[in-house]
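Here's a short tour of a protein structure, written for someone new to this. Keep the 3D view open as you read.

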Amino acid sequence: MNRTVIVLAVLMVLVSCTRHGEVPAQFERSESLPSLFPDYVDVTIPVNLCPLNFTLNEAGQQVVARFTAGDVCYTYGEGRNVLIDADEWAELTQAACGGDIGVEVFVEKAGVWTAYKPFSIHVAADPIDPYISYRLIQPSYVAYHELSIRQRNLTTFDEDVIYTNRDVMTPTQGQCINCHSYQNYGTQNMLFHMRQHLGGTMMVVDGRPVKVDLKTDSTLSAGVYPAWHPQLPLVAFSTNLTGQVFHTRSTEKVEVQDTGSDLILYDIVKNTVEHIRHTSDEMEIFPCWAPDGRTLYYCSARSVVTSPDSIDEQTIDRYEQIKYDIFAMDFDTAGHTFSQPRLLYSASAKGRSATLPRLSPDGRYLVFAEADHGCFHVWHHDADIFLIDLQSDSLCAQPLTDINSERSESYPSFSSNGRWLMVASRRDDNNYTRPYIAHFDPVSGTCSKPFELPQLHPSFYTFCLRSFNRPEFMTEPVGVTQEEFLNAVKQHPQKVNFKPTHP
Amino acid sequence: MKLRELNILLFAAFAFFMLAIRNGDVLYTLSEQSLFVPGRMFWEEIGGLGGSVEWTACFLTQFLHLPWLGAMLFIVLWSAIYYGVVRSFSLRGAWTLLALCPPAVLLCLLISQGYHVYYPERQGTAFVPTLLTLISVAVLLLLCFFVRIFVLKKKASQSREQLPPKKHGQACAVVCFVLFWAALVGVTFHYDYDDANYHHELRMARAVDECRWDDVLAEFPALRQEDDVPRPTNLMVVFKNIALQHTGRITDMFATGNCGTLPTVRDSLTVHLSQQAAPMIYYQVGLFNFAYRWAMENSVRYGLTFANLKMMVRCAIWNGERELAEKYLNLLRTSLFHREWAAERIGWMNDAGRFQAHPEYQAIVPLLGDDANVLDFDNGLCEKFILDHFSSLRTERPSLEDFALCVSLWTESVADFAQQLSLWLGHHPGHLPILYQEAALLISQMEGAPDWLLQLNYDNAVKERYQRFLAESYALRNRGLSEHDMAAQLRPTYGDTYWWYYYFYTDFNIY
């Protein structure tokens with residue numbers, strides 16, 4: 001009996017342990033860098049990040065990688081994959097904190113080993129927020145089925161479902177979920193929307209979930225794109241009349257367009273909404289608060305509709321003329337009133353369209369996505385991340401070239417310490433959105449080469465057929481359980497009251 | 001041979017006939033409408049341990065790609081269910097016939113689904129009922145085993161000893177056997193979804209997928225335009241016209257019959273072309289973005305399938321989205337029956353010459369217009385979108401203009417046809433095809449028709465035939481015949497003309 005237990009234990013250890021590949025005794029040297037997937041060559045990572053497992057992105061039967069940081073050295077290799085033990089990785093990153101992990105990659109092709117040019121993984125001493133959340137969604141257009149908002153621990157590979165529509169979907173009644181958002185990186189106050197079946201907005205206030213109906217007779221729609229005030233119980237939303245039309249030839253495939261949009265402010269305590277911007281010739285969208293809560297940034301485009309007839313057709317025909325600029329409004333935190341908007345950045349003057357503004361936590365930098373036209377840059381190949389130094393006089397927008405690619409980059413967001421910038425990028429295949437994270441230098445306002453969100457198995461992204469939508473940093477996991485969310489979803493929504501805005 | 005074995009042998013033969021012979025096209029379609037990818041991600045996507053039945057069902061469904069193999073698999077599983085029931089209830093003699101009931105129900109379920117094949121509620125839908133039944137029978141068998149061992153062991157042996165001698169047992173068994181089998185065969189045929197159009201559609205879809213244009217056409221004329229033969233569905237008409245276009249015979253559009261109708265369904269299911277075949281239809285006419293879109297939308301709504309994966313690969317290759325094509329090909333390369341297809345496409349991406357030499361490329365490339373990119377939407381009506389799109393085209397590309405002209409006639413857009421024909425005549429000074437003569441002659445008689453239509457060089461035979469058509473139509477109308485009766489009377493003589501289509505095809509429904 002004892003012998004059996006011992007044998008089983010040994011077998012389990014053998015099966016579960018990491019494969020430490022052996023560096024070949026003989027090899028040829030190559031002057032080129034190895035082609036890895038994900039591409040972790042010369043990236044900068046936070047000290048508290050999970051291991052960077054990777055696979056070969058080229059021909060080869062076997063790979064062995066040697067990681068060296070000071071006195072710590074480990075080798076890994078399992079077929080074409082490099083799978084790193086979590087504890088040993090922590091040893092490596094701690095040893096390399098503020099410096100580099102040296103990586104040598106050896107590849108066997110047809111019995112011949114080649115040593116590629118060594119490269120470094122730079123380990124920044126700046127930690128990253130331990131969690132991010134995203135919506136996993138197939139990159140479809142009109143149809144949707146099973147959707148989930150998930151949270152991922154960046155220090156491990158653990159991923160949990162925050163909320164999924166799986167338990168409320170019926171064959172005839174679907175539920176779309178979207179726009180998860182948090183107050184100041186915390187999860188005690190957060191929200192997400194549910195559309196169609198059991199629709200409403202799930203507000204978590206002081207850790208308690210409440211379902212709210214933000215649609216009133218006086219607003220265009222229920223709340224859409226949200227922005228929590230960083231300190232006060234207020235949420236700015238856009239209200240949108242949104243439609244989708246499809247490109248007959250362009251590989252951008254779809255245009256998500258608004259025919260009208262406004263901004264509203266939801267007062268959680270008073271349960272009221274009021275207009276922030278309510279105009280017929282402007283389309284306001286993507287509100288975003290400054291970290292001190294005294295300024296609201298947003299994007300706005302002039303409507304291209306010239307006559308009240310056939311608004312949809314006019315918007316479709318002139319889709320390339322819809323260009324969004326970035327505006328700012330001062331906010332009186334005592335009286336909850338806004339100043340007149342001022343134009344902060346005119347992308348349209350350059351023939352471009354700026355969307356999705358986000359502020360660095362120190363309030364100095366404004367980052368946003370910019371493309372040729374429109375508001376839904378995740379589908380625009382030319383969309384890139386731009387940055388404005390708000391302390392500069394010129395307020396000149398610069399592309400963050402190191403984080404950008406030839407394909408779509410959108411939805412930028414800073415970590416709570418302002419040292420990491422995450423974007424939703426389609427650089428892998430032009431269709432599926434993946435989170436890429438780059439180290440941000442707050443002095444120079446520049447980024448390092450970004451790394452793709454690491455996964456336990458390096459071929460994860462090859463086979464994953466879902467997009468990572470709206471990646472957001474969080475300082476803590478969501479405390480409300482799926483069951484608690486589900487119970488709240490099944491409740492009747494609390495109807496908000498419309499508060500007319502006095503001139 | 002014992003009755004127990006005879007039952008299952010007969011059932012196996014019958015099931016093989018019903019599945020592989022009568023419903024081979026359905027089994028193949030089920031395999032195309034499913035997906036199995038080895039590895040952890042697909043396992044988790046299906047639901048992990050909780051979805052193990054679906055995962056197993058998906059694994060088995062891929063074998064339906066070869067209908068005879070799929071049929072054999074079903075037969076093996078149903079035989080296991082049969083023996084499980086026989087053992088559980090210790091059935092003997094004629095009573096063993098009852099054990100055929102579960103497999104018979106499963107067979108009926110499988111062959112009765114009809115158009116639901118396009119609307120699966122879960123992955124691996126073909127095998128799930130069988131696997132669940134098998135599990136239930138296994139549990140039952142286990143329960144009966146324990147009950148027999150621990151509770152009824154003694155009683156059972158006593159009661160068996162006390163059984164009275166059987167009289168006329170043999171005759172009774174024969175009667176039961178005959179009656180049961182008659183009922184089983186009758187019920188199975190009753191539930192078999194034997195709608196001819198449904199099966200034509202499935203076979204045409206496969207032929208289109210495999211660029212077997214002559215086979216597509218061969219499926220179509222089998223439906224003669226006679227009263228006692230069901231009219232083809234719109235989808236069949238669309239597939240037929242695609243095959244005509246790809247074989248350079250698009251002007252035979254109306255001579256081959258162009259009057260589609262709605263598919264016949266036995267329940268409340270509403271069939272939409274968008275779910276049935278929109279990706280393939282859009283693809284075959286060169287609208288790759290719309291093909292990709294519907295492959296994606298249908299995958300999201302009804303689960304990713306081999307058919308949709310292949311379509312997304314095709315569109316990505318045409319669109320030059322190499323990484324995207326490779327992404328989907330990586331999945332297809334892991335499959336048992338699509339790895340060669342995937343390998344061929346990888347070859348295409350590495351060697352454009354091989355792609356351009358393929359019949360699929362050569363069929364579609366003539367339909368690629370030089371039209372600029374625009375924003376558009378189809379409101380879920382694929383056929384209407386294609387008809388509107390091509391009838392509104394004003395092109396002078398020789399390879400495209402005949403298709404556009406014929407689509408204008410298909411939609412009866414006489415103004416579009418007249419404008420397109422004027423462009424066509426600019427560089428086709430020779431003989432006007434009969435179809436265009438028929439249409440031009442008809443339009444030339446309409447109020448406000450352009451004068452130049454009357455000046456066209458019509459064949460005398462066409463003019464005389466048109467006069468006869470008009471005269472016979474007036475005569476029939478004067479006799480008080482209804483439109484329907486007039487259509488039927490004139491069809492044998494004029495059913496191949498555009499005039500007949502224009503005047504008598506009045507129930508064109510888009511779905």
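## Starting with a strand pair

Which residue in β12(A) is the bridge partner of Tyr134(A)? It's Arg150(A). Keep in mind that this is a predicted model, so treat what follows as a reading of a prediction.

That pair belongs to a bigger pattern. Strand β11 of chain A covers residues 131-137, strand β12 of chain A covers residues 148-153, and the two run antiparallel with 6 bridges joining them. On to the next neighbour: β12(A) also pairs with strand β13 (residues 159-164) of chain A, again in the antiparallel sense, over 5 bridges. Here Gln151(A) has Asp160(A) in β13(A) as its bridge partner. To get from β12(A) to β13(A), the chain makes a hairpin through 5 residues.

## How far can you trust it?

Let's look at the scores. The model as a whole gets an ipTM of 0.91 and a pTM of 0.92. For chain B, the average pLDDT is 91, and 95% of the residues score at least 70. Where pLDDT is low, the predicted coordinates should not be read in detail.

## Two domains in chain A

Chain A splits into domain 1 (19-124) and domain 2 (131-494). Their C-alpha centres are 36 Å apart. The two domains do touch, with 19 residues of domain 1 of chain A in contact with 16 residues of domain 2 of chain A.

What does the domain 1 side of that contact consist of? In chain A, β3 and β4 (54-56) each supply at least two residues of the side of domain 1 that touches domain 2. The largest share, 3 residues, comes from β3(A). Sorted by class, this side of domain 1 of chain A has 13 nonpolar, 5 polar and 1 charged residues.

## A closer look at Ile45(A)

Now zoom in on Ile45(A), which sits in strand β3 (residues 44-46) of chain A. Is Ile45(A) buried or exposed? Count the other C-beta atoms within 10 Å and you get 23. The cut-off for buried is 20 or more, so Ile45(A) counts as buried.

Leaving aside residues up to four places away in sequence, Ile45(A) touches Leu52(A), Ile121(A), Val123(A), Ala124(A) and Phe451(A).

## Where chain A meets chain B

Next, the contact between the chains: 27 residues of chain A are in contact with 24 residues of chain B. On the chain A side, the elements giving two or more residues are β19 (234-247) and α4 (460-463) of chain A. The largest share of that side, 3 residues, comes from β19(A). By class, the side of chain A that touches chain B has 12 nonpolar, 10 polar and 5 charged residues.

β19(A) is joined by 2 bridges to strand β1 (residues 375-376) of chain B, and the two run antiparallel. Look for His247(A), whose bridge partner in β1(B) is Leu375(B).

## A covered helix in chain B

Finally, how many of the 11 residues of helix α24 (residues 434-444) of chain B are buried? The count is 10, so the helix is mostly covered. Among them are Ile434(B), Leu435(B), Tyr436(B) and Ile443(B).

And what does the covering? It includes α22 (398-410), α23 (414-426), α25 (460-478) and α27 (498-504) of chain B.

Definitions and conventions:
Residues numbered from 1 in each chain as written. Chains lettered and ligands numbered in written order. Predicted model: local features only at pLDDT ≥ 70, side-chain atom pairs only at ≥ 80, totals over all residues. Helix = DSSP H or I, 4+ residues; strand = E, 2+ residues; numbered from the N terminus. Buried ≥ 20, exposed ≤ 12 C-beta atoms within 10 Å, placed from the backbone. Contact = placed C-beta atoms within 7 Å. pLDDT = per-residue confidence, 0-100. Domains from an automatic or database assignment. Nonpolar A, V, L, I, M, F, W, Y, C, P; charged D, E, K, R; others polar. Pairing = 2+ DSSP bridges.
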